[in-house]
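Please look through the sequence and the model shown below before reading on.

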Amino acid sequence: MTRYNVAEWGLRHPALTAYLIGLVLLTGTVAFFSLGQTDMPNWTMRNMLLRVYWPGASAEQIEQQVVDKIERKLQETPWLDNVASTSKPGEAWIWVNLSNFLADPKPVVPDIWYQVRKKVGDIRDSLPPGVQGPYFDDEFGDVYPLVYGVWGDDFSYVELKKQADWLRDELLRLDIVEKVVEVAIQPQRVFVEFDTARLANLRLSPLALIEALAGHNAMQPAGMIENGSERVRLRLDGQFRSLDDIRHVPLKAADGRLLSVGELATVRAGYEDPPQLRMRINGHPGVGLAVSMAEGYSVIDLRRQVVDTLARLEPGLPVGVHVTPVADEPEVVSHTLNKFFFKLAMAIGIVLVVSYFTLGFRSGLVVALAFPLVLGTTFVAMKLLDVDLQRISLGALIISLGLLVDDAIIIVEMMLVKLHQGMDRFHAAAAAYTSTSFPMLTGTLVTVAGFMPIAIAKTATREFMFGLYGVIAVALIVSWVVSVLFTPYLAYRLLPATAGHAETVYDTPFYQRLRAVIRFCVDRRGLLLAALAVLAVLALLAGRQVEKQFFPLTDRADLIVETWLPEGSSFAANEQLAKDLDTLLGSEHGIRRWVSYVGTDTPRIFTDLWIEPPAHNVIKTYVLAEDRPTRDRLREDLRTRIARELPQARTRVNVFPFGMPVPASLEYRVSGPDRRKLRDIAAEVRAAVETYPQATGIHYDWRGPITTVRVELDQARLAALGLSPQRLGEGLDMLLLGKPVTQLRDGDETIDVVLRLTDDERTRLGYLQNVPVPLADGHSLPLGQLAKLQLAVEEGVVRRYNRVPTITVRADIPWYVQPLDVDARLKPQLDAVRARLPLGYHLEVGGTGEMNAEVDAAIGGAMPIILLAIVTLLMVQLQRLSLTLLVVASAPLGLIGVLLTLWAVDLPLGFVARLGVLALAGITMRNTVILVEQIRQDVAAGTSAYQAVIEASVRRFRPIVVTAAAAILALVPLMTDPFWGPMAYAMMGGLLVATVLTVLCVPALYAACFRLRAAA
């Protein structure tokens, strides 16, 4: 046996080779059916949310006294990219965003969050008194692929919660379920609402009600008796068990009469008022159950088990209670995977047909049998690498299909040539390995390198796109192993024992004409290369018309409708808007279901979803259309109708995008220390954005000022009456918003008993003068006698970016307009604003433009490493710098086809398509290096260099063309996919042009470099 000849080893050990083939098929089948299934790949969220409360503080006060101190400490966080915060009256949210340069985030991020907790804990004592928190949400990225709504028009929130609790407990019994979170649960309250006039007539203070209620219901130890062998505890009776118990609490009036709380106030049961959030399911109020999946399972199995469990539990629900799916991500995943499995089957069929028709039945069968071996090994690798079956990994398999047959075709082609030359099958297989294995390995590694820039680029998209470069790299390397080990064995079993004479193989009329064309190109190389230069110029001109894109929009059939009322609007106004929106959506055709989250955002139903913090004036509505065309129609119809019929709200009707989420299509950040100057600069930026005619919904993320009442206290009189501003504020807060004074204990429920004024007195701004302020002696005085009340305006929202006040100008554009192109068009106007900025002020592009620039810079930084790796591989193979440079010079040939194709079909050059262009360069160099190696081998065998160029090009024609045809046609199923479509078109056009130029121009370029001439 020749040393290191893998093909010969496999033929000399046929039983072991056959066993390995069976093992690969078996393990591949098992691995395939055990792979997880998702729509898009999961990636590690690098964001943590902190919440902090300081009741009574303005947005500016909590920003300066609380948020700034926390942010200063957070800047010590390792791998920190930025700290962003939103401050509102009495509350603030702080985002800790880690760097995308974090190499391996999955194991590292939890430890970083632990460090964040420790660092913030160290400064907790430095925060002002009364600050609550910070509270940490390091589960901000948790995904809930299933969300159900529990509703019934004849049932209260208490009754719905009881049923939701039961369903939650049952679902948690499933091993596949990790968490079930209840959504929009309304906390119960007991309100004791008193009339100030009634208390004044009886000369009673609200403090008397507080003391009576709290004292009557106190959980107080009463001692115990220990006599001899027994210990007997005393239990005081009187704790509240019902509303009547509260109504019957006695208290003494000033004139000595004994009255009850029920005679002085209205006692009623209710819910938190104003509510924090509400949920409306197809127009009905209800509560939700968000279900997350345990690690290592498939969402398809999650849906099946949850649906089966709910079907089993449904008879146990009261008549009239409904459990409705409002977000069903497994359904989306199943629909996506079914389409991709069909596309994969189509691509496999196309490649097999190409192989059969170009190589013949037996040769095509050998190539066909290599498919399951490569795919089986790839599925095993995907299982080991924790890569699920999803849009990225399945798309990668389809892209690689045409490339997988290349090595097998080369081996089979070379074996046929050796058979024609008179060798037997055994020696033909050994000779094929000797002459092609090393060039094929070099070509394979060069092709893999073409897909690898994103793999070594330090950016978050590396983790997101791992299914692309990881699967393709594994598949191509496995393809080489299969071609040198198993394909010779299969060819030995299936190819005929003998073949025709060698001289007839490339002497047919077709090859004679091909030889003449190649000779013409070599002899007229100057004219050909000039034509190539003209074609390159035309492609560059066409490329200037091709739109730029980061990630496209999805083909999901759902929409997100965002509605925002002005800052300072009441929750009641927002809830009424939700009801009006329900009426509007109910009149639209083509909507399967919808759910509105009033005052908050949707649960994170998939990873690539932008989540807003809670806000009393926002509604997020998830709308599921019947299909994608209906979704596109609804998107325009709803935008128009909501603007016309609900003009009080700012509305955004959006389709979910692929990739990293952003809150708006266009974002421009203006940062600086002075808020007034900041607003002036933001106004200039807004004016610049307004010059783009298709920009809509232009707004600031500070969301506008709010109205407040400034209470100017008479400090001297307060002191004389024994009052402090703190006690005055606590009293007003109790009277207007309500203050829990005790609890009603019902089983495992603890219900706050809240004392406050009646609705009429609490909700009238003009009544503020008459609000009674409790005094230390038990009496009360109207607020108007203790302070002057003046209307004022203050900031409703203050945002910061890296501890600097920052206003972001946001806008939307039509779906067919690319944000990157708009950024480019607005750049001159924005540069003019940037040039006028004072020292310390900054204007930056955010959102999609910022992420795209970051990814481009990261890939650009990785390209020298990739280029060095490719040149090293080529030098090892060719061992001549001139030949290596010739191969590298062929890399851009495919770009001509890419630009012309995208221009012709009017598709953007997106991030995924750009990865395809880089990969295309690797594929082109692969074909070139094998062709150049064949020329070198012929020259070494004694053929003249000129004749070797022509004959090697003729012999390499069929493998190059067959591989290109298989790769091009295998991409046909991806043409209609929104994610892969631009890449499919780009690679198809690029491969077509690159193949033609490789066959015609590379020989001419070789002859020109080495100044080859035909013999006289």
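What follows describes the chain as a whole, then its nonpolar cores, its strands and a few single residues.

This is a predicted model, in which local features need pLDDT of at least 70 and side-chain atom pairs count only at pLDDT 80 or more, while totals for chains, interfaces and linings use all residues. Residues are numbered from 1 along each chain as its sequence is written, and side-chain values use heavy atoms, with hydrogens and water left out.

## The whole chain

The protein chain has 32 helices and 30 strands, where helices (H or I, at least four residues) and strands (E, at least two) are DSSP runs numbered from the N terminus. Along its principal axes, the C-alpha trace spans about 130 × 75 × 55 Å. Of the 1016 residues of the protein chain, 54% count as buried; buried means under 20% relative accessible area, exposed means over 50%, and partly exposed lies in between, with a 1.4 Å probe and protein chains only. The chain exposes about 43,300 Å², of which carbon and sulfur atoms supply 57%, and these areas come from the Shrake-Rupley method with a 1.4 Å probe, where for residues only the protein chains shown count as cover. Among contacts (heavy atoms within 4.5 Å) between residues at least 6 apart in sequence, 80% join residues at least 24 apart.

## Nonpolar cores

In soluble globular proteins, nonpolar side chains tend to be buried together. A nonpolar core is here a set of buried Ala, Val, Leu, Ile, Met, Phe, Trp, Tyr and Cys residues joined through side-chain atoms within 4.5 Å. The largest such core has 188 residues, and those with the most contacts inside it include Ile-399, Leu-401 and Trp-980. Helix 13 (residues 391-420) gives the largest share of this core, 20 residues. A second, separate core of 40 residues includes Leu-204, Phe-240, Val-249 and Ala-253. Leu-401 itself touches, among others, Leu-344, Val-351, Phe-371 and Ala-970, when residues up to four places away in sequence are not counted.

## Strand 29 and its partners

Which strands pair with strand 29 in the antiparallel sense? Two strands pair if DSSP finds at least two bridges between them, and the table lists the partners with one residue pair for each.

| Partner of strand 29 | Bridges | A residue pair |
|---|---|---|
| Strand 20 (residues 666-671) | 6 bridges | Val-670 with Ile-807 |
| Strand 21 (residues 696-700) | 3 bridges | Tyr-700 with Val-809 |
| Strand 28 (residues 798-801) | 2 bridges | Arg-800 with Pro-805 |

Strand 28 and strand 29 also form a hairpin with 2 residues between them, and Asn-802 in the turn has a positive phi of about 55°. Because 8 of the 9 residues of strand 29 (residues 804-812) are buried, this strand is largely enclosed by the rest of the structure.

An open sheet of 4 strands has the order 12-7-24-23, with mixed pairing. Its edge strands are strand 12 (265-271) and strand 23 (739-746), each of which pairs on one side only, and the twist averages 25° from one strand to the next. Within this sheet, strand 7 (residues 188-194) and strand 24 (residues 749-757) run parallel and are joined by 6 bridges, with Phe-191 having Val-754 as its bridge partner in strand 24.

Elsewhere, strand 1 (residues 47-53) pairs with strand 3 (residues 91-98) in the antiparallel sense over 7 bridges, and 4 bridges join strand 1 to strand 4 (residues 132-137), which also runs antiparallel to it. Arg-51 has Trp-93 as its bridge partner in strand 3, and Arg-51 stands opposite Tyr-135 in strand 4.

How far apart are the end C-alpha atoms of helix 12? At 1.5 Å a residue, the 24 residues of helix 12 (residues 361-384) should span 34 Å, and the end C-alpha atoms are 35 Å apart, which agrees; the expected span is 1.5 Å times one less than the number of residues. Just after helix 12, Asp-386 takes a positive phi of about 60°.

Not counting residues up to four places away in sequence, Ser-435 touches Met-414 and Gln-937.

Notes. Axes are lines fitted to C-alpha atoms, for helices over the stretch in contact, and angles run from 0 to 180 degrees between N-to-C directions.
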